[in-house]
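Here is a short report on surface patches, annotated spans and aromatic pairs. The chain is shown first.

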Amino acid sequence: MDTLISENGVFLPIPPFQAVRLHFILGTILVLTSMVAHTLFPINLITHPTQTLFIIWGIVGPVLMILFGHLRQDMEQCSYFRAAGRGYVGLVAGAIVNALGAIILGAPVGFEYFTKTLNWSLLMSSFTFVPAACAFGSAWTHWHRVFASTKAFSFIDYMIRIPAYGAVIGAWFGAWPMPLDWERPWQIQ
């Protein structure tokens, strides 16, 4: 069992089973959300990506805030509702950062692409910023330890770091073959 020392010196035990259980719940919610989008509404990520992403982040985002709100570091000073509020702030701030990063890296800019970029950046923010915002708030030292340090301190660091890195790496590898747009005249043969 790993322990984490909070700012007021209290040892917070984080069992490894809690990390496995939390990520199992998140994976199950993600799969169920995709199935609900496909069953209740005849949409999926291929035919209607904007609406499907809206449904997915609309359900997964609050679930992340609920689950990671229980892992907040300063439980005596920060209520559960305040941690959820920090999650919403993290969702919006992360969406802005992710959207700007996507645009800088080549996402199309225009009014017709706005909803696609917005829904994608909100989903990415749900996996990258929301867990850290719920658990740590705006404490720069915790964010630096989790995202910039090479060594994690506790299981909660791994619980936040691995899905965030996985989301970014998955988005990168998912976008990597996009220049192979076969509708260009010079690529049709």
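The text below covers the annotated spans, a nonpolar patch and the aromatic rings.

This is a predicted model. An unreviewed UniProt entry lists residues 20-41, 53-71, 83-108, 120-143 and 155-176 under "transmembrane region". Residues 83-108 are 85% helix and 0% strand. Their end C-alpha atoms are 34 Å apart. Residues 120-143 are 83% helix and 0% strand, with end C-alpha atoms 23 Å apart.

A nonpolar patch lies on the surface. Its members are Val92, Ile96, Leu100, Ile104, Leu105, Tyr165, Ile169, Trp172, Phe173 and Trp176. Together they have about 1200 Å² of accessible area. Ile169 lies in α7. Ile169 counts as partly exposed because its relative accessibility is 48%.

The model has three aromatic pairs. Two of them are tabulated here.

| Pair | Centre distance | Plane angle | Geometry |
|---|---|---|---|
| Phe54 and Trp57 | 5.7 Å | 90 degrees | edge-to-face |
| Trp143 and Phe147 | 5.7 Å | 45 degrees | tilted |

Phe54 and Trp57 are three residues apart in helix α2 (residues 49-69), so about one helical turn separates them. Phe54 is partly exposed, at 49%.

Trp143 and Phe147 sit four residues apart in helix α6 (residues 140-147), again about one helical turn. Trp143 is buried, with 17% relative accessible area. Phe147 counts as partly exposed at 23%.

Methods. Residues are numbered from 1 along each chain as its sequence is written. This is a predicted model: local features need pLDDT of at least 70, side-chain atom pairs count only at pLDDT 80 or more; totals for chains, interfaces and linings use all residues. Side-chain values use heavy atoms; hydrogens and water are left out. Patches are made of residues with over 30% relative accessible area and no salt bridge: like charges are joined within 9 Å, nonpolar side chains (Val, Leu, Ile, Met, Phe, Trp, Tyr) within 5 Å. Accessible areas come from the Shrake-Rupley method with a 1.4 Å probe; for residues, only the protein chains shown count as cover. A salt bridge is a side-chain nitrogen of Lys or Arg within 4 Å of a carboxyl oxygen of Asp or Glu. Helices (H or I, at least four residues) and strands (E, at least two) are DSSP runs, numbered from the N terminus. Buried means under 20% relative accessible area, exposed over 50%, partly exposed in between (1.4 Å probe, protein chains only). UniProt positions are given in the numbering used here, feature names are shortened, and annotations may be inferred rather than shown by experiment. Rings of Phe, Tyr and Trp (its six-membered ring) pair if their centres lie within 6.5 Å; planes under 30 degrees apart count as stacked, over 60 as edge-to-face and the rest as tilted.
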